Amino acid sequence: MDKLKRVFAMIGVVLLVFMYLMTIITAITASDGAHNWFIGSIMLTVFVPVILYAINMLINIQKRNEANNRMREEMYMRQIKDALKAKAEQEKAQPAAAQGQVQQEAQMAAVQGQAQVAAEPQEKES
């Protein structure tokens with residue numbers, strides 16, 4: 001981007017120097033167009049720096065946009081990585097919880113089985 005700024009600055013300098021030289025040459029030769037070259041030279045003395053300043057501003061805005069886009073991309077990538085980590089941790093925790101639930105169900109079945117076994121002899125006695 002700095003090279004681009006330098007290129008535009010050099011173009012502006014060359015353009016202004018060319019205009020000043022043409023104004024001086026036409027004034028010395030007493031040409032009919034000397035007045036027009038003088039007016040053009042004054043106008044370009046104002047407009048060229050304004051245009052170069054506008055181009056410089058656009059380049060700076062582009063740099064800021066690129067930096068902001070890079071920051072957004074990094075933030076989104078960080079969020080995606082965090083979400084994937086959380087999902088992986090959740091998946092690791094779920095099998096352990098499911099295994100704990102299976103153990104609880106087995107214990108409950110064992111307790112119910114023992115209760116049924118204890119109830120069967122009472123039924124036979126009756």
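Which residue just after α1 takes a positive phi? In this predicted model, that residue is alanine 30, whose phi is about 55 degrees. The chain has 2 helices and 0 strands, and 8% of its 126 residues count as buried.

**Overall architecture**
- Of the contacts in the chain with a separation of 6 or more, 65% are between residues 24 or more positions apart.

**Helix α1**
- Helix α1 covers residues 2-28, a run of 27 residues.
- From its first C-alpha to its last, α1 reaches 39 Å, close to the 39 Å expected at 1.5 Å a residue.
- Gly12, Leu16, Met19, Thr23 and Thr26 are the buried residues of α1.
- An α-helix has 3.6 residues a turn, so residues three or four places apart point the same way.

- Helix α2 spans residues 34-125 and contains isoleucine 42.
- A nonpolar patch on the surface is formed by Phe38, Ile39, Ile42, Met43, Val46, Phe47, Val50 and Ile51.
- Together, these patch residues have about 730 Å² of accessible area.
- Isoleucine 42 counts as partly exposed because its relative accessibility is 42%, which lies between the 20% limit for buried and the 50% limit for exposed residues.

Technical notes. Residues numbered from 1 in each chain as written. Predicted model: local features only at pLDDT ≥ 70, side-chain atom pairs only at ≥ 80, totals over all residues. Heavy atoms only, no water. Patch = residues over 30% accessible without salt bridge, like charges linked within 9 Å, V, L, I, M, F, W, Y side chains within 5 Å. Areas by Shrake-Rupley, 256 points an atom, 1.4 Å probe, with all protein chains shown as cover. Salt bridge = Lys/Arg side-chain N within 4 Å of Asp/Glu carboxyl O. Helix = DSSP H or I, 4+ residues; strand = E, 2+ residues; numbered from the N terminus. Buried < 20%, exposed > 50% of the residue type's maximum accessible area, 1.4 Å probe, protein only. Contact = heavy atoms within 4.5 Å. Expected span 1.5 Å × (residues − 1).
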